[in-house]
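Subject: Structure handover

Hello,

Please find the structure below, for your files. My notes on what was found in it follow directly after.

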Amino acid sequence: MAKVKVNHDACVGCGVCASMCPDVFVLGPDGKAIIVEQYRGASEAEGEIPDDLVDCARSAADSCPQQAITVE
Ligand code: SF4
């Protein structure tokens with residue numbers, strides 16, 4: 001498992017993460033990225049994902065123009 005978090009203040013809603021890794025990220029009602037419901041934690045902007053999704057989440061984090069995603 002890995003923890004994944006989206007910094008809502010930094011996210012500009014470009015959608016790159018949701019298209020690169022739709023199993024983890026989705027755009028929420030306000031147009032900013034959130035974690036898919038299945039893996040959501042205390043808030044919709046953070047959660048825990050299984051190991052087989054870590055690579056795609058990291059790729060999305062690397063591609064985020066705002067560096068708004070952390071995976072640890
Ligand atoms: Fe937001 Fe970054 Fe995802 Fe773009 S790639 S929607 S800025 S978290």
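The largest cavity has a volume of about 100 Å³. A cavity here is a set of points, on a 1 Å grid over the protein atoms alone, where a 1.4 Å probe fits but cannot get out. Grid points are joined across faces, edges and corners, and the volume is the space filled by probe spheres set on those points. A search of the whole structure for cavities of 30 Å³ or more returns 1.

On provenance: this is a predicted model, in which local features need pLDDT of at least 70 and side-chain atom pairs count only at pLDDT 80 or more, while totals for chains, interfaces and linings use all residues. Residues are numbered from 1 along each chain as its sequence is written, and side-chain values use heavy atoms, with hydrogens and water left out.

The cavity and the ligand

The largest cavity is the space taken by the ligand. For a molecule to sit in a cavity, more than half of its atoms must lie within 2 Å of the grid points. The lining comprises 15 residues, and Cys11, Cys14, Cys17, Ala33 and Cys64 are those nearest the cavity centre; a lining residue has an atom within 4 Å of a point. By class, the lining holds 12 nonpolar residues, 3 polar and no charged. Nonpolar covers Ala, Val, Leu, Ile, Met, Phe, Trp, Tyr, Cys and Pro; charged covers Asp, Glu, Lys and Arg; the others, Gly among them, are polar.

Around the ligand there are 13 residues, and Cys11, Cys14, Gly15, Cys17 and Cys64 come nearest. Buried means under 20% relative accessible area, exposed over 50%, and partly exposed in between, with a 1.4 Å probe and protein chains only.

The disulfide

How many disulfides does a search of the whole structure find? The search gives 1, taking a disulfide as a pair of cysteine sulfur atoms within 2.5 Å. Cys21 and Cys56 form the pair, with an S to S distance of 1.9 Å. Cys21 is in the loop between α1 (16-20) and β2 (25-27) and Cys56 is in helix α2 (residues 54-63), so the bond ties together parts that are 35 residues apart in sequence. Helices (H or I, at least four residues) and strands (E, at least two) are DSSP runs, numbered from the N terminus. Cys21 is buried, at 0% relative accessibility, whereas Cys56 is partly exposed, at 24%.

Val4 belongs to strand β1 (residues 2-6) and is buried, at 2% relative accessibility. Its C-alpha atom is 5.5 Å from that of Gly47, a residue 43 positions away along the chain. Val36 is 32 residues from Val4 in sequence, and their C-alpha atoms are 11 Å apart. Val36 is located in the loop between β3 (33-35) and β4 (46-49) and is buried, at 14%.

Gln38 also lies in the loop between β3 and β4, but is exposed, at 65% relative accessibility.

Pro22 sits in the loop between α1 and β2 and is partly exposed, with a relative accessible area of 49%. Pro22 and Asp9 are 13 residues apart in sequence and 21 Å apart from C-alpha to C-alpha.

A backbone angle to check

Most residues other than glycine have a negative phi. Gln67 has a positive phi, near 50 degrees, and is not a glycine. Gln67 is in the loop between α2 and β5 (69-71) and is exposed, with a relative accessible area of 69%.

Regards

Notes. Near = heavy atom within 4 Å. 1 Å grid on protein atoms, 1.4 Å probe; cavity = no way out; pocket = protein on both sides within 12 Å on 5 of 7 lines; lining within 4 Å.
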